[in-house]
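Student: I would like to learn how to read a model like this one, feature by feature. Can we take the general idea and then the case at hand?

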There are 2 protein chains.
Amino acid sequence: MKFEVTIIGCGSAIPTVSRKGSSQLVNHREKYFLLDCTEGTQYVLKELKISLQRIDHVFITHAHADHFLGLPGLLSTMSLLGRTKEINIYAPEEIETFIHTFLTCTRASLSFKVNFKKLNFNSPETIFENKELTIESVPLLHSTNCCGFIFREKKKPRPMIASKISEYIIPHYLISGIKEGDDLILPDGKVIPNHKLTEEPQKSFSYAYLTDTSYHEEIVPQIQGIDVLYHEATFTDELKTRAKQTKHSTAKDAAKIASLAQVDQLYIGHFSARYRSLDVFMEECQSIFKNSHLTFDRQTIKIY
Amino acid sequence: MKFEVTIIGCGSAIPTVSRKGSSQLVNHREKYFLLDCTEGTQYVLKELKISLQRIDHVFITHAHADHFLGLPGLLSTMSLLGRTKEINIYAPEEIETFIHTFLTCTRASLSFKVNFKKLNFNSPETIFENKELTIESVPLLHSTNCCGFIFREKKKPRPMIASKISEYIIPHYLISGIKEGDDLILPDGKVIPNHKLTEEPQKSFSYAYLTDTSYHEEIVPQIQGIDVLYHEATFTDELKTRAKQTKHSTAKDAAKIASLAQVDQLYIGHFSARYRSLDVFMEECQSIFKNSHLTFDRQTIKIY
């Protein structure tokens, strides 16, 4: 069972040889979710031998070039490879316009249905849910409508204590209910409380992807206690004025948010192309929040 | 003095790890011309340390995804890097629509002017000219409006025989005319014919970029005697039916065109993603046209 994040690009508006724009792939128990889709995303996925066709959900934070220019090529390749499965794209409405224009200009139709789901930038919403996971939007403070995304595992089932099944001759059809917390009622009416039949469930983990944004304390309650936080850090402290002007964050901003939200680990990215070495980012982060890490292209972060 | 072509991508609609879609950079005497602009073109140029800002002319053969999806990112990066020089884009009108939609969706304006120049797909035209070079369009036979491009060096100046300058005391202002072929008229009215003052000029070279197209003999007169011909060869002979259906060429088609046009060298590309080894392409080409070569990503072909 996996919950991991592969960094496709950790750069910003101007790509460098080692840092593409923003894109990440979340693999949650072999379900793939793409976060942003910078130019060349399909190439990186191929190099990493990750099947494009396993991606069923794409989340675009905002309509800036470094976050979505890989989308037409990705959809086009999926189609040429014969995809029939629908895909869901959670994005600002400009992305739908852009993809429609692309298809009109190329006189192409895709071999599968695309469901565009418009993001709400005014308040957080649960935008995806399956049996194991919810994904919420987090409105951010950028120069255009932008929101981040939080992946939260749902409460996991309580593992059965194996010996209890034979001890109480528990029928198969009751097991899943007990794993969800039901007590057992025996034929004679006696109640065996759930905690005597099951063990504590595994911890449920969470991951937040927050890019692009100014320092924005209002998000802290929503990301409180997140296990792994990715927060953009476009600049070092020396360029904090530039960060404010362009509605981006510094390494210290990211670390302050991580500290206020008492997250477990902070990863930073969206580094400006002007930086060759990222050492100063790390120093500035760790001066405020010890458990800070840099990201780099093609890295995989294990949430557990 | 250079005339060379760098292959940015030699693949086709579905990119592979080693073959991006179509794009090439022509460097003619340090003037850069981009032919098609597949997704990730800007990354390859950066890796090859080729300055994006030196490209002043972009030629898009047709509005299929593998030929132009790198354009919005390229323009965006040029702008973020502060370009002020105008750029000329010779393309089908769909490309202008696509770029305008991109700029509208991102609420961006570029720091420089883009001059879109609509291609004529009905007959060949000289679409660019400078002191040293002309570029012609070549209407091709594809599933959408498509044309290739021919780079032809103009007749080069005749080098002066140095000793003649002092022998006839030729004033400086007459030199460029003599290099262009003028005779010299001495003060006494005597005429010194040009061939006694100058040497034969260097050969003028030519390069043709023809992709995507069915086998199309009608282009042969226009490319007659070209020095280096790049012709698409998406399939091997085994898939000639598929080539016809999709309006592409086989390796043999490309070689037949090269042979009929009596070009000096043939380079093929636009290989379908289904081929791992390209050996069969080479065998099939060389069975018809000996001086055939494969292309590969990041290769540079010296025209001279």
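Student: In strand 3 of chain B, which residue is the bridge partner of Leu25(B)?

Tutor: Keep in mind that this is a predicted model. The bridge partner of Leu25(B) in strand 3 of chain B is Leu34(B). That bridge belongs to an antiparallel pairing of strand 2 (residues 22-28) and strand 3 of chain B, with five bridges.

Student: How many residues lie between the strands in that hairpin of chain B, and which residue there has a positive phi?

Tutor: The hairpin of strand 2 and strand 3 of chain B has two residues between the strands. Arg29(B) takes the positive phi, near 50°.

Student: In which sense does strand 3 of chain B pair with strand 4 of chain B?

Tutor: Start with the general idea. In a regular strand the side chains alternate between the two faces of the sheet. Now the case. Strand 3 of chain B pairs with strand 4 (residues 55-59) of chain B in the parallel sense, over four bridges. Within this pairing, Leu35(B) has Phe59(B) of strand 4 as its bridge partner.

Student: Why is strand 3 of chain B described as largely enclosed?

Tutor: Look at burial, with under 20% relative accessible area as the cut-off. In strand 3 (residues 31-35) of chain B, four of the five residues are buried, so the rest of the structure largely encloses the strand.

Student: Let us turn to helices. Which residues of helix 9 of chain A are buried?

Tutor: First the general idea. An α-helix has 3.6 residues a turn, so residues three or four places apart point the same way. Now helix 9 (residues 251-260) of chain A. Its buried residues are Ala251(A), Asp253(A), Ala254(A), Ala255(A), Ile257(A) and Ala258(A).

Student: What covers the buried residues of helix 9 of chain A?

Tutor: The cover includes helix 7 (220-223), strand 13 (228-232), strand 14 (265-269) and helix 10 (279-286) of chain A. Helix 9 of chain A is followed by Gln262(A), with a positive phi near 50°.

Student: How many residues of helix 3 of chain B are buried?

Tutor: Nine of its 10 residues are buried, so helix 3 of chain B is largely enclosed by the rest of the structure. Among them are Leu71(B), Pro72(B), Leu75(B) and Met78(B). Just after this helix, Gly82(B) has a positive phi of about 90°.

Student: How are the two chains related?

Tutor: Two copies of a chain are related by a rotation about an axis and a shift along it. Here a rotation of 180° with 0.0 Å of shift superposes chain A on chain B, with an RMSD of 0.1 Å. That is the relation of a two-fold axis. Both copies use the same surface: 100% of the contact residues of chain A recur in chain B.

Student: Which residue of chain A comes closest to the rotation axis?

Tutor: Gly40(A) does, with its C-alpha at 2.8 Å.

Student: One last residue. Is Thr198(A) buried or exposed?

Tutor: Thr198(A) is buried, with a relative accessible area of 4%. Thr198(A) is in the loop between strand 11 (191-192) and strand 12 (206-210) of chain A. Leaving aside residues up to four places away in sequence, Thr198(A) touches Arg158(A), Pro159(A), Met160(A), Ile161(A) and Ile178(A).

Definitions and conventions:
Residues numbered from 1 in each chain as written. Chains lettered and ligands numbered in written order. Predicted model: local features only at pLDDT ≥ 70, side-chain atom pairs only at ≥ 80, totals over all residues. Heavy atoms only, no water. Least-squares fit on C-alpha atoms with pLDDT ≥ 70 in both. Contact = heavy atoms within 4.5 Å. Buried < 20%, exposed > 50% of the residue type's maximum accessible area, 1.4 Å probe, protein only. Pairing = 2+ DSSP bridges.
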